[in-house]
Amino acid sequence: MSIFNGASAVGTEIGAVLTKYLGVTESNFENLGLLTIICNLSSLYPLVFLGWLDGVGSTGEDDAEEEVICNVPSALDGRDEA
């Protein structure tokens, strides 16, 4: 099971539990507004973790190409480093 499928299943179950807890049914919409607000705010939760991505993507495409060129094994240019 992929992470996306697992997250979707967990999200669906959490939504069902919240719906039951708030008492929203096919005939009772009393807490539907609150349920909608909670669900919409929970979609913003991943923004809390954006700080963890500080170093990701800091290397530009040109820098990455230079690293690849500089790290070519010496066997490819005909020299042996034993």
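Let's start with Thr25, which is found in the loop between α1 (3-22) and α2. This is a predicted model, so keep that in mind throughout. Thr25 counts as partly exposed, because its relative accessibility is 40%. The cut-offs that matter here are 20% and 50%, with partly exposed in between. The side chain of Thr25 also reaches the backbone. One of its polar atoms lies 3.0 Å from the backbone nitrogen of Asn28.

Now the overall layout. The chain holds 3 helices and 0 strands. Along the sequence, that reads α-α-α. There are 82 residues in the chain, and buried ones make up 7% of them.

Next, confidence. Mean pLDDT for the chain is 81. Residues that reach 70 or more make up 65%. Which element has the highest mean, and which the lowest? Helix α2, residues 32-42, has the highest, at 95. Helix α3, residues 61-70, has the lowest, at 59.

On to the surface. There is a nonpolar patch with about 1,100 Å² of accessible area in total. Its members are Ile37, Leu41, Leu44, Tyr45, Leu47, Val48, Phe49, Leu50, Trp52 and Leu53. Take Leu44 from that list. Leu44 sits in the loop between α2 and α3. Its relative accessibility is 46%, so Leu44 counts as partly exposed.

Then the aromatics. How many aromatic pairs does a search of the whole structure find? The count is 2. Tyr45 and Phe49 form an edge-to-face pair. Edge-to-face needs over 60 degrees between the planes, so the label follows.

What about the accessibility of these two partners? Tyr45 has a relative accessible area of 51%, so Tyr45 is exposed. Phe49 has 30%, so Phe49 is partly exposed. Ring pairs also bring in Trp52: Tyr45, Phe49 and Trp52 are linked into a cluster. Those three residues are also among the members of the nonpolar patch.

To recap. The predicted chain has 3 helices. Thr25 has a side-chain contact to the backbone nitrogen of Asn28. The nonpolar surface patch includes Leu44, and ring pairs join Tyr45, Phe49 and Trp52. For helix α3, remember the mean pLDDT of 59. That's it from me.

Methods: Residues numbered from 1 in each chain as written. Predicted model: local features only at pLDDT ≥ 70, side-chain atom pairs only at ≥ 80, totals over all residues. Heavy atoms only, no water. pLDDT = per-residue confidence, 0-100. Helix = DSSP H or I, 4+ residues; strand = E, 2+ residues; numbered from the N terminus. Patch = residues over 30% accessible without salt bridge, like charges linked within 9 Å, V, L, I, M, F, W, Y side chains within 5 Å. Areas by Shrake-Rupley, 256 points an atom, 1.4 Å probe, with all protein chains shown as cover. Salt bridge = Lys/Arg side-chain N within 4 Å of Asp/Glu carboxyl O. Buried < 20%, exposed > 50% of the residue type's maximum accessible area, 1.4 Å probe, protein only. Phe/Tyr/Trp six-rings, centres within 6.5 Å; stacked < 30°, edge-to-face > 60°. Polar contact = N/O pair within 3.5 Å; in protein donor to acceptor, adjacent residues only side chain to side chain.
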